[in-house]
Amino acid sequence: MKKRLSTFFVGTMLLAISSNGMAAQVDHADFIRGKYKSGPDVTKECLKCHEKQADDIMKTSHWKWKGPTKGHVRGYENSKVEYGKTNMLNSFCVTVEGGPNQEARGHCGECHAGYFWDKKGFDLTDKTKVDCLVCHAQQGDYGRENNEISDFTDLKKAAVSVGLPTIKNCGACHFSGGGDDAVKHGDLDSTLKTADKSLDVHMASTTKGGQGLDCQSCHTTKDHQISGASTMLATHEGRVTCEDCHSGKNAPHQNSRNGVILNSHLKSVACQSCHIPFFARKKATRVSWDWSTVGKNLTLPPQEGRISYDNARGTYGWAKNVVPTYMWYDGTINRYMKGDKIKDPSKPLIFMKPYGSITESSAKIYPFKYFTGKQPMDSQYKYLSVFQQYKGLWDTLNWQKSLEDGAKGSGLPYSGKYQFVNTISYIGLDHMVAPKEDALTCGDCHMGGTRMNWKALGYNGDPMLMGGGRDKKASVNHQQKPADLNFIQENWVQKHQ
Amino acid sequence: MKKAVSIVMVITLMALTIVSFSRVASAEDIKMVGVITKIEIAGKDAKTATATLKDNKSGKLVVITVNDDLTLDKFKDHRIVEGDEIRCKYETVDGKNVSKIFRKTAGC
């Protein structure tokens, strides 16, 4: 009887799909029959029909928090070790590995597409721990708090409501990267949920003048491999470019005034540089984080209406409507990895930097968010430290203890002496594409325009005045030396495994 | 007579039920998830504040009174700001929606 029923349901469903074409949203009301007390209870139900999807998701960086570097990180082209959030550091909350048993994961795990990765020893082969709802639930106030299902969630309602991911689903994690709304990214924040065309021509709904695209319209997904690389992380499951859609017969500027001149830029200037003229346009984004002021009880006025000092976390800088920093980028990055030795702690450490230069024909000029940090490093061993913030420093304000507990969890030894070092990161900008009327125009870059720092980019001067771009020898400054990265790539994890 | 009595009884019973019903309703906690459209707080030393939330489900604006120190501090130092999405549990007392839980849906 049961079997016949489900065959019947699937039959009706398939009918529903075929009659409505590909865009049909499947109604799961008839499939989701049980009572659910926990997230894994729901997943078990999904697995009855979607075991393949669980197998697929378990191969992704959203599940493993690491993956093969695929040539994305320079110096790691032949690495057999997989990298990702699970074993990398950054200049925001820094690390997920703090705590004798990596207890920091209890909080960081809220952004894992799985249930209860709250310490070391999580079973990455347990299918029932995959969180399908975070990407697929459309109702029921689905959410987690410190790895537990929020008591606001109606699990049944959430499970019945599943559909293809919306901006809200992906945004549940990505809008709050760095620990809060608009912190990490200057181009991905909660304002996208209600964007109009002036904020984002693609993701604004059609009723608000946009194209109504979802994240996966660009981040095309097959077998749960979500395409798109981060400028801060090591792995990806395919790349995304503007040209994926805007090429061939949809090539841009065909009817534009100065269309030919605009197109002559495309080999050297990325679409994003002209079409994302400012970032953090609706909501201020964090532009600096100084951990060295933890416990100093400072009183600092808010910036752009947001908190600028937190006794447990340090000092923050905020900025709104910011002009990007322009850099050459060939799609690969230089990245500080755990254990790399810092050459000179008195100089800023370049945490992550796009790779490329005027002489590399595969590189183009892209816009970036410039972010500065200040965080602890080991004074003797000369590398960035892992420390325990959650259930550690944030409660105790005790650096010494939190550094010791960081070493225990990560296996990266701590000498007992620490100091603070400045860091610089360049974070990619690919979203909040402005309407064409707001694109940069000739005068923003040429004829005294200040957007391009010609010298820093390797030009002898404004190429419009020089009578040619990097193809013309006289325009290029061949004396330029590659930037000093201020670290020695000598990876601890690789060496000791 | 007997009939009249029973009618009275029924009416009284009904009235009682209604009364107890509405009592329950007003004492019950209401849960909502919504985005802050406005925070009003009277100065640094204020012991109370109001936040207007736009209910994600109905789109209605609900004014919440916040009295607990922890949340008030978060308003004061801009840890919670307009535009933040909040999970709120409140109870209606004397026509005011008094917050019992007021947490951001995301962030540390």
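This is a predicted model: local features need pLDDT of at least 70, side-chain atom pairs count only at pLDDT 80 or more; totals for chains, interfaces and linings use all residues.
Side-chain values use heavy atoms, with hydrogens and water left out; residues are numbered from 1 along each chain as its sequence is written, while chains are lettered from A and ligands numbered from 1 in the order in which they are written.

Of the 108 residues in chain B, 32% are buried (under 20% relative accessible area with a 1.4 Å probe and protein chains only; exposed is over 50%, and partly exposed lies in between). Take the chain B contacts (heavy atoms within 4.5 Å) between residues at least 6 apart in sequence: 49% of them join residues at least 24 apart.

Nonpolar side chains in soluble globular proteins tend to be buried together. Leaving out residues up to four places away in sequence, A:Tyr336 touches A:Leu89, A:Ile342, A:Leu349, A:Ile350, A:Phe351, A:Tyr383, A:Leu384 and A:Phe487.

Chain A itself is split into domain 1 (23–437) and domain 2 (441–496), with bounds that come from an automatic or database domain assignment. Taken over C-alpha atoms, the centres of these two domains of chain A are 27 Å apart. Where they touch, domain 1 of chain A puts in 43 residues and domain 2 of chain A puts in 22. About 2800 Å² is buried between the two domains of chain A, 55% of it from carbon and sulfur atoms (buried area is the accessible area, with a 1.4 Å probe, that two parts lose on being put together, summed over both). The two domains of chain A share one salt bridge (a side-chain nitrogen of Lys or Arg within 4 Å of a carboxyl oxygen of Asp or Glu).

Next comes the meeting of the two chains. Chain A brings 26 residues to the contact and chain B brings 23, burying about 1900 Å² with 47% from carbon and sulfur atoms. A:Asp141, A:Phe152 and A:Ile307 supply 31% of the area that chain A buries against chain B, more than any other three residues. Eight salt bridges link chain A and chain B. In the salt bridge between A:Glu145 and B:Arg87, the closest N and O atoms are 2.8 Å apart.

Finally, A:Pro100 sits in the loop between helix 3 (61–64) and helix 4 (105–108) of chain A. A:Pro100 counts as partly exposed because its relative accessibility is 36%. Setting aside residues up to four places away in sequence, A:Pro100 touches A:Lys120, A:Gln388, A:Asp405, A:Lys408 and A:Gly409.

Note on methods:
Helices (H or I, at least four residues) and strands (E, at least two) are DSSP runs, numbered from the N terminus.
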